[in-house]
Amino acid sequence: MEYISTRGNVGKIGFIDAFMMGLGDDGGLLVPHEIPVVSAETLQKWQELSYQELVLAIFGLYTNGEIPEQDLKDLVNASYSTFRDPEITPVRKLKDDLYLLELFHGPTFAFKDIALQFMGQLYTYVATKHNKKIHILGATSGDTGASAIEGVKGKEGIKICILHPHGKVSKVQELQMTTVQDDNVLNLSVDGNFDDCQRMIKELFADLDFKASHHLAAINSINFVRIMAQTVYYFYAYFQVAKQTGAKQVSFSVPTGNFGDIFAGYLAKRMGLPVGKLILATNENNILERFILEGVYKPGEFRATYSPSMDIQVASNFERYLYYVLGEDAAQIRTLMEQFKKDGEIVISGEALAKVQTEFGAHGVQGQECLNTIKQYEASAGYLLDPHSACGVAAADKYNSGQDIIVSLATAHPAKFNEAIELIGIEQQFPEQISALFEKPQRQTRVDGSLQSIVRELEAFYNGK
């Protein structure tokens, strides 16, 4: 397995080099040179594996044996040892044709834990084994930051800085990041929105001198290892539902803002998982819905919503999908991304758009529909959805034709977004770990939205000041 860039100017590199590069040095995103395809016989065998065993089987297709088998096994077991459910990502039945994949049983109560606890272990492994200094730099719309910090806080040889948009994450998300007291953690609360944070992160990674001299490593889903780890739960969910129902194929409904989680589902499908439709659920920041329905990818005006982790206009993984839907033509991707930088718009049509619409459905869930969905399922199924998971369920209901069972992804615990839950008049019981956050002191630095301010804070942090 070798990795290349969507823009064609990164030579074939190995797994650890791809992991450490994060964003491609040519500004593109790294993808496998060839997507591994799994036979029906292998799928049959995988159906009996535990979650951790399935992780090892899938990772084995991507890691080239660059990590000795026992070391990889130890990394995987350590990554999932802190999860609160023995199945890691259990599946719950909401009704006959709708199942919920619970992805929030990790230490920070969000789906990001599934990839980021492994990435934290892997960064620690690389820092130790290869004697590397690693400075992790990321942006978060709320959940990535807490999960990434949890994975590497207090670890020797690693520093982590996370940018989050000031006042635009939930209170619990903010507390999970900013109550961590370890000196290898820096939280920057940035004036602006998530897209501003993400743009500056990409600019810093694109500055190859800055990247090299400051030992930068990526934790956002620009790093392919995030995607790789997230493909696992699509396989696991399918196996659980197939066992319970005998289904030969399932569709997935995925709340997404950055196109990373749903791209992992697309990758699983390309690997041979029998997936029908991938249904993309967005909120009022519905640039991705418009792309799937009309072929136009054009950021609009930023909207703050009840589902803040999806308040994203520029989806950092979109380029990966574009690369595949346009026939893996790196030259065309380079041209399109340059055009996007200049004009702020990408348009596809004809056969390419028809292909997109065969593979994907999309629904932009407005605020009231999101709250109504939470209320409806709490009343009918006794199940409390967080506002992001509610967007997924609302989109699943819209596309439910009765042909396929739909698995909707529950991406966070409702306690992380009590602001929305309170609006419906529901009083929820907080898990103990979340209640305890409100008693802890916070550490964060507020900065204006300029790249210069970010660089100044980073250099002071990296130089130990």
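Helices (H or I, at least four residues) and strands (E, at least two) are DSSP runs, numbered from the N terminus. Axes are lines fitted to C-alpha atoms, for helices over the stretch in contact, and angles run from 0 to 180 degrees between N-to-C directions.

This is a predicted model, in which local features need pLDDT of at least 70 and side-chain atom pairs count only at pLDDT 80 or more, while totals for chains, interfaces and linings use all residues. Residues are numbered from 1 along each chain as its sequence is written, and side-chain values use heavy atoms, with hydrogens and water left out.

**Stop 1: residues 194-206 and 451-462**

Select helix H8 (residues 194-206) and helix H20 (residues 451-462); their axes come within 11 Å and cross at roughly 65°. The crossing is right-handed, a term used if the near helix is turned clockwise from the far one by less than a right angle. Now show side chains: Met-200, Glu-203 and Leu-204 of H8 meet Leu-451, Ile-454, Val-455 and Leu-458 of H20. Contact here means heavy atoms within 4.5 Å. The residues of this contact divide into 6 nonpolar, no polar and 1 charged. In this grouping Ala, Val, Leu, Ile, Met, Phe, Trp, Tyr, Cys and Pro are nonpolar, Asp, Glu, Lys and Arg are charged, and the others, Gly among them, are polar.

**Stop 2**

Select helix H10 (residues 224-245) next. Its 22 residues should span 32 Å at 1.5 Å a residue, and the end C-alpha atoms are 33 Å apart, which agrees. Of those 22 residues, 19 are buried, so H10 is largely enclosed by the rest of the structure; buried means under 20% relative accessible area (1.4 Å probe, protein chains only). Gly-246 follows H10 and has a positive phi, near 80°.

**Stop 3: Gly-276**

Go to Gly-276, in strand S10 (residues 275-282). Gly-276 counts as buried because its relative accessibility is 13%. Leaving out residues up to four places away in sequence, Gly-276 touches Gln-249, Val-250, Ser-251, Lys-269, Glu-359 and Asp-404. Draw a C-alpha to C-alpha distance from Gly-276 to Lys-298: the two are 22 residues apart in sequence and 27 Å apart in space.

**Stop 4: Ser-307**

Select Ser-307, in the loop between strand S11 (296-297) and helix H13 (318-325). At 2% relative accessibility, Ser-307 counts as buried. Apart from neighbours within four places in sequence, Ser-307 is in contact with Asn-283, Pro-387, His-388 and Cys-391.

Methods: Expected span 1.5 Å × (residues − 1). Buried < 20%, exposed > 50% of the residue type's maximum accessible area, 1.4 Å probe, protein only.
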